[in-house]
Amino acid sequence: MRTPRARTAAAACVLLALAAPSAAANSGTGTGTGTGNIVVAPAVTTRDEPVTVTVHAASCRTGSASSPAFGETPLTPQADGAGGHATPAVARDVAPGSYDITVTCEDGRSVTRTAAFTVVNGAVRGGDGPAPSEGTSTADLVIGGLMVASAMIGGGVLWLRGEGREDRPAG
């Protein structure tokens with residue numbers, strides 16, 4: 001009866017070891033996120049880089065978008081007439097963190113999207129977060145690699161220990 005448990009434990013260790021790097025790599029928000037009528041892309045950026053703010057509302061073809069990260073910028077009407085957009089650059093002196101965006105439409109209404117995008121130190125790889133040279137040290141990579149290797153070795157040991165027990169009588 002120990003064989004199925006050992007194999008299950010080994011499989012769980014292997015899956016955990018394989019899933020941990022994927023979860024860390026995908027913890028970023030990707031190319032853009034949207035709440036209500038405001039969409040921001042990329043959702044993770046660095047200082048002095050542009051973000052695209054798109055407002056999906058016919059009454060918001062013109063107006064302005066503002067954020068502590070880039071100040072106030074005018075909206076330009078979209079070609080399809082379904083709203084407006086702007087492409088402001090994040091200020092050079094902005095601190096890393098999440099920033100809100102407030103859009104004020106031509107009719108005077110305003111909408112704020114909290115934590116609309118995040119500014120990080122370093123370069124961004126596809127919106128997944130900081131590049132290893134800035135956000136992840138060599139020590140972090142070594143520790144992570146050792147954790148994955150130890151999980152795989154432990155799972156292999158459990159798997160091999162359980163292989164010979166199938167033919168033994170329970171005792």
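Biologist: What share of the 171 residues in the chain is buried?
Modeller: Buried residues make up 27% of them. Buried means under 20% relative accessible area, exposed over 50%, partly exposed in between, with a 1.4 Å probe and protein chains only.

Biologist: What should I know about the model and the numbering?
Modeller: This is a predicted model, where local features need pLDDT of at least 70, side-chain atom pairs count only at pLDDT 80 or more, and totals for chains, interfaces and linings use all residues. Residues are numbered from 1 along each chain as its sequence is written, and side-chain values use heavy atoms, without hydrogens and water.

Biologist: How many helices and strands?
Modeller: The chain has 3 helices and 10 strands. These are DSSP runs, numbered from the N terminus: helices are H or I with at least four residues, strands E with at least two.

Biologist: Which residues of the largest nonpolar core touch the most other members?
Modeller: Ile101, Val103 and Phe117, out of 21 residues. Such a core is a set of buried Ala, Val, Leu, Ile, Met, Phe, Trp, Tyr and Cys residues joined through side-chain atoms within 4.5 Å.

Biologist: Which strand gives the largest share of this core?
Modeller: E9, with 4 residues.

Biologist: New topic. Where is Gln78?
Modeller: Gln78 is in the loop between strand E7 (76-77) and strand E8 (83-86).

Biologist: Is Gln78 buried or exposed?
Modeller: Gln78 is buried, at 14% relative accessible area.

Biologist: What does the side chain of Gln78 reach?
Modeller: The backbone oxygen of Val55, at 3.2 Å.

Conventions: Polar contact = N/O pair within 3.5 Å; in protein donor to acceptor, adjacent residues only side chain to side chain.
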